[in-house]
Amino acid sequence: MVKTGRPKEQVAIDAINYAMKALKKRHLLEEGAHAPAFLALSRPIVSQGFEWKEKAENLEVELQQCYKAQSRLSEQLVVEVAESRVSKASLQEKENVISDMQKELTELRDECSQLKTDLEQKINEVELVISENSELKAQLEQMTTKANEAEAENKMLIDRLMLEKMKDAERLNEANALYEDMVQRLRASGLEQLAREQVDGIVRRSEEGAEFFSESNIPSNCKYRLNAHEGGCASLLFEYNSSRLITGGQDRSVKVWDTNTGSLSSSLTGCLGSVLDLTITNDNRSVIAASSSNNLYVWDLSSGRVRHTLTGHTDKVCAVDVSKVSSRLVVSAAYDRTIKVWDLMKGYCTNTIMFPSNCNALCFSTDGQTIFSGHVDGNLRLWDIQSGRLLSEVAAHSHAVTSISLSRNGNIALTSGRDNLHNLFDVRSLEVCGTLRATVNRVASNWSRSCISPDNNHVAAGSADGSVHIWSISKGEIISTLKEHTSSVLCCSWSGMGKPLASADRNGIVSIWS
């Protein structure tokens, strides 16, 4: 028997060797068995020759059959050996596959273990985040509670502040009533003195320097040429009964100049846009600027600090004026098609007037009850300051109105327009009492400002060619042309003392004329 556990190929080889040995042994046995026959055949026996011959043939046939059987067994053995080799190769391949799968399984187990570790870490992080979120929610609730408490406290403080302001307003009203009573008593006891201090129908008792007022000087020479602002100067004015000049420009600054020396006295900063117009309270304490930043800025002139920032307009503010009667009332016009009335004591808007055409210029009447406004549609409109009602409207120019200024006695209103005309209106009838024009005078912009001399005899207006023209109101013609600017003149202002005259151009140059 073949022992188990040996390879199939070795078993097959042993089987072949065993078969070959068996065949050889059988062949030897057959040869030994047939040897007597061959010996007998070799004998010369005639009678048995045919029988032995037949046996020899049969044995030969049988030997051939044995050879054939041996050949078949050899072929079968070769096939089995080949099949054994194929099976061995297949077995080796499967063993390799099993080894690869075992390696892959090991890697997958390691990866699974790593993923499990990562999952545990992520779970811990999520739990930490949830814990932090809970703490943040608790803090948010505490902060919300504090914010609600602060809001309630703030509301209470606002109520207390408003109550205090109301009390202050009542005390101020009482003080104003006492002041008015004192003024009435002084007026009753000093009518003769008041009559001596009256100038052109307006009482100047409280204005320093009123006694020095004289006829306006016709300027001819440029006394000072000031590099006032970068990018252009759109507005300038003099302090009441003073030679100090205030200018505002596109560099977002307002500057105060001493026209006697041509030196800069102070600069007012804090404006966030180009200064398009300026005005000053009649006590010379506060300067108000209209700005392209949609706001108005109020400075204390002595300290140079911003007192108020008046917000409420939704487009650039292009005109501003303060009441001649009360320094607390201010009006402004913007390109949001509104005029707003402001209370400087309270710092907020008290009335809003709306209209269909943008306003370029405005001013108060001398009694402080009426607002004059000039519009892009060329119309001059009058408004009641208390009710905001339109009192009157007149077609002043064929193009946009650029400037409005009142005479010192308040009876004449000067308007300038993009039609290059300067019209004088009788305030009482709103009829044109004079028109000043010249082919050489061309209005430079929608905010070109002209002015009337303090003695109401002359008008000064800048031109796009850099000239400043001075008209005689009585003659209706130009009596002087001042040439110093190299760019369009945007605004002119005459000192209330009669001299000097100031003008500013698009390059930011300010000329002081004497």
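How many bridges pair strand β18 with strand β19, and in which sense do the two run?

What you see is a predicted model, where local features need pLDDT of at least 70, side-chain atom pairs count only at pLDDT 80 or more, and totals for chains, interfaces and linings use all residues. Residues are numbered from 1 along each chain as its sequence is written, and side-chain values use heavy atoms, with hydrogens and water left out.

pLDDT is the predictor's own confidence in each residue, from 0 to 100. The chain averages 86, and 90% of the residues score at least 70. Residues 191–213 fall below 50, and that stretch has 27 contacts beyond near neighbours in sequence (contact means heavy atoms within 4.5 Å).

Okay, back to the strands. They are DSSP runs of E, at least two residues, numbered from the N terminus, and two of them pair if DSSP finds at least two bridges between them. So, β18 (residues 379–384) and β19 (residues 390–395) pair over five bridges, antiparallel. For instance, Asn379 has Ala395 in β19 as its bridge partner. Together the two strands make a hairpin with five residues between them, and Gly388 in the turn has a positive phi of about 75 degrees.

Now the open sheet: four strands, ordered β12-β13-β14-β15, with antiparallel pairing. β12 (317–322) and β15 (348–354) each have a single partner strand, so one side of each has no neighbour in the sheet. Inside that order, β13 (residues 329–334) and β14 (residues 338–343) are joined by six bridges, and Ala333 has Ile339 in β14 as its bridge partner.
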